[in-house]
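Let's walk through this structure together, one piece at a time. Keep the picture open beside you as you read.

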Amino acid sequence: MLLHRNEILFRQGEAGPLYRLHSGLLKIVRVQEDGRQLVLNFIVPGEVIPHHSLISPKVYHGTAIALMTSEIELIPAAEWYAKVTTDTEAALETARLLQSRLRMMQERIDQLALQSPAEKLEAFRSWIARYLPPNTKLTDLLTQEEIGQFIALRRETVNRLLRESH
């Protein structure tokens, strides 16, 4: 299936299938009681989501929104779970997916805890640039508020750092 910018793949609180992202980029947001969205994660090509449901089903923790045109494969949940429990290679693939995500999250925690604001922004820009089309600016896809949420900086700090880097 093809999802275009700002289209929703699934909504927080719903239950459903798993998905593999083949191309594009998704953001995962958590909608708060007052309607505000908090950016929790980005999904890059090769990932199967939701991560918390790779072993057993659970409702979607956040809402998945396309940041650009994205090619997505729907994986029926019953098919995925049957394969994971009966196929050793599928179980190993699942373990590798979880390990990869865990390592990425550990790197993110290190960046948030140990880097200066400028280093956080530069590390995020370098990482996400690998998944952006040529000549696409970060601010073409994300607001300064969303960037700040993901790297634990205030919007004003992101604004200042982006101005200083030009």
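Two strands count as paired if DSSP finds at least two bridges between them. Strands are DSSP runs of E with at least two residues, while helices are runs of H or I with at least four, and both are numbered from the N terminus. Bear in mind that this is a predicted model, in which local features need pLDDT of at least 70, side-chain atom pairs count only at pLDDT 80 or more, and totals for chains, interfaces and linings use all residues. Residues are numbered from 1 along each chain as its sequence is written, and side-chain values use heavy atoms, with hydrogens and water left out.

**The sheets**

With those terms in hand, look at Ile8: its bridge partner in E7 is Ile65. Strand E7 covers residues 63–66 and runs antiparallel to E2, joined to it by two bridges. Both strands belong to an open sheet of four strands, in the order E2-E7-E4-E5, with antiparallel pairing. Its edge strands, E2 (8–10) and E5 (37–43), each pair on one side only. On average, neighbouring strands of this sheet are turned by 35° against each other, direction ignored.

There is also an open sheet of four strands with the order E1-E8-E3-E6, again paired antiparallel. Here the edges are E1 (2–3) and E6 (48–49), each pairing on one side only. Strand E3 (residues 18–23) pairs with E6 over two bridges in the antiparallel sense, and Arg20 stands opposite Val48 in E6.

| E2-E7-E4-E5 | E2 (residues 8–10) | E5 (residues 37–43) |

**The helices**

Helix H1 (residues 77–86) lies across E3, E6 and strand E8 (70–75), running at about 95° to E3. Such angles run from 0 to 180 degrees between N-to-C directions, and axes are lines fitted to C-alpha atoms, for helices over the stretch in contact.

How do H3 and H5 meet, and at what angle do they cross? The axes of H3 (residues 117–129) and H5 (residues 144–151) come within 10 Å and cross at roughly 105°. H3 is therefore roughly perpendicular to H5, a label used for angles of 65 to 115 degrees. Their contact (heavy atoms within 4.5 Å) is made by Lys120, Leu121 and Phe124 of H3 and Ile147, Phe150 and Ile151 of H5.

**A record to compare**

An unreviewed UniProt entry annotates residues 142–162 as "domain: HTH crp-type"; such annotations may be inferred rather than shown by experiment. Over residues 142–162 the chain is 76% helix and 0% strand, with its end C-alpha atoms 13 Å apart.

Key:
Angles under 35 degrees count as roughly parallel, over 145 as roughly antiparallel, 65 to 115 as roughly perpendicular and the rest as oblique.
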